[in-house]
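Welcome! Please open your viewer and get ready to select a few residues as we walk along the chain.

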Amino acid sequence: MTEPLRIAVLDDYQGIADTVDWSPIPRPPHVTALREHIAPGPALVEALSGHEVVVAMRERTPLDASLLADLPALKLLVTTGPFNAAIDVAAARRLGITVSGTGGAVTPTVEHTWALILGLQRHLVTEDQRIRDGLWQSTVGSDLHGATLGLVGVGRIGSRVAAIGTAFGMNVIGWSPNLTEERAAEAGVIRVERDALFAGSDVVSLHMVLAGSTRGLVGATELAAMKPSAILVNTSRGGLIDESALLQALRSKQIRGAALDVYQQEPLPAGNPLAQLPNTLLTPHLGYVTETVMSIFYRDIVEDIAAYCAGSPLRLLTS
């Protein structure tokens, strides 16, 4: 009798793993879906112990060399998406663990960026709650038409955000360390220097990869340069912003507000000061969480595991 293949799915908050057809996997799969986040440490090691396959949902759970070394049964690590900065791929390779990825899509994050911008600009959460409480309008919205959208990063996501900003009639400017005027023009963006972007934008939206050079990219200096009427939006990575500096800027109304989908620590701990402020709009890292993306993720997860069982792993991550 063929030995069951023990599979653990991390951070399956919505219970999607229970709806997946795992039957294409040639060995009988025994799937354990972890609905609650478990931080790295002994509890996570215990939860994953004995599993030959672990599925990581994006970068929700860091999987470093120390943790991987404590999982001797682990042979295949599948991450959703084509890369994962929270996985020590080099350590996995040294330990004989295959790391595979999946496809994905960027358009849901673009859409979520605009949901946050519109929600904050027009005070949607406040007005929704007031009308449920039997009250009527109390806020004054901020226009997008004629305002300036500043994009920190004009890549696959930023360029699409730019196109929607243009459709709203916004002036779109952009900056990143490697952005050229030619590339900016192709995206319909005017390239400006970093200081000018923060000083001149009504909406600043971040679309950069988190790396050593970009961690804390938005700090006290950048926030102080922004207009008091401006808002900051982040659907990229929480580490791009110095959260202590952001808290100070929001409390002192140095900027009008912040709309965030990502945080330095995720899940955001209960009682986090960001959640206590009236000028924040917060969502729990939902930028990529749509039916289409989840369908792509799990289709490729099953395919990756089946290929591993057949001895021909797919979509290998090398870094």
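In which loop does A73 lie? Select A73 and follow the chain both ways: this residue lies in the loop between helix 2 (65-69) and strand 4 (76-79). Keep in mind throughout the tour that you are looking at a predicted model.

**Stop 1: around A73**

A73 has a relative accessibility of 29%, so it counts as partly exposed. Now show G50, H51 and E52: A73 is in contact with these residues, leaving aside its neighbours within four places in sequence.

**Stop 2: the loop between strand 1 and strand 2**

Next, select Q14, found in the loop between strand 1 and strand 2. With a relative accessible area of 40%, Q14 is partly exposed. Which residues does Q14 touch, not counting residues up to four places away in sequence? Show R35, L286 and V289 to see them.

Is D11 buried or exposed? Its relative accessibility is 2%, so D11 counts as buried. Most residues other than glycine have a negative phi. D11, though, has a positive phi, near 55°.

**Stop 3: aromatic pairs**

The model has 3 aromatic pairs, and we will visit two of them. A pair of aromatic rings is described by the distance of the centres and the angle of the planes. Begin with W22 and Y298, whose ring centres are 6.3 Å apart. Their planes stand at 90°, over the 60 degrees needed, so this pair is edge-to-face. W22 sits in the loop between strand 1 (5-9) and strand 2 (29-33), while Y298 belongs to helix 11 (residues 291-309), so the pair ties together parts that are 276 residues apart in sequence. Both W22 and Y298 are buried.

Now move to W114 and F168, a tilted pair with 5.2 Å from centre to centre and 40° between the planes. This pair links distant parts of the chain, 54 residues apart: W114 is in helix 4, and F168 is in the loop between helix 6 and strand 7 (171-175). W114 is buried, at 5% relative accessible area, whereas F168 is partly exposed, at 33%.

**Stop 4: helix 4 and helix 6**

Two packed helices are described by the angle between their axes and the distance between the axes. Colour helix 4 (residues 107-121) and helix 6 (residues 156-167): they pack at an angle of about 45°, with their axes 9 Å apart. The two helices are therefore oblique to each other. Helix 4 passes helix 6 in a right-handed crossing. To see the contact, show T107, T109, V110, T113 and W114 of helix 4, together with I157, R160, V161, I164 and G165 of helix 6. Sorted by class, this contact has 5 nonpolar, 4 polar and 1 charged residues.

**Stop 5**

Select K253 in the loop between helix 10 (243-251) and strand 11. K253 has a positive phi of about 60° although it is not a glycine. This residue is exposed, with a relative accessible area of 64%.

Finally, go to P267 in the loop between strand 11 (257-260) and strand 12 (280-282). What kind of peptide bond joins E266 and P267? The bond is cis, with omega about -10°.

How values were computed
Residues numbered from 1 in each chain as written. Predicted model: local features only at pLDDT ≥ 70, side-chain atom pairs only at ≥ 80, totals over all residues. Heavy atoms only, no water. Axes fitted to C-alpha atoms, helices over the stretch in contact; angles between N-to-C directions. Helix = DSSP H or I, 4+ residues; strand = E, 2+ residues; numbered from the N terminus. Parallel < 35°, antiparallel > 145°, perpendicular 65-115°, else oblique. Left-handed = near helix turned anticlockwise from the far one by under 90°. Contact = heavy atoms within 4.5 Å. Nonpolar A, V, L, I, M, F, W, Y, C, P; charged D, E, K, R; others polar. Phe/Tyr/Trp six-rings, centres within 6.5 Å; stacked < 30°, edge-to-face > 60°. Buried < 20%, exposed > 50% of the residue type's maximum accessible area, 1.4 Å probe, protein only.
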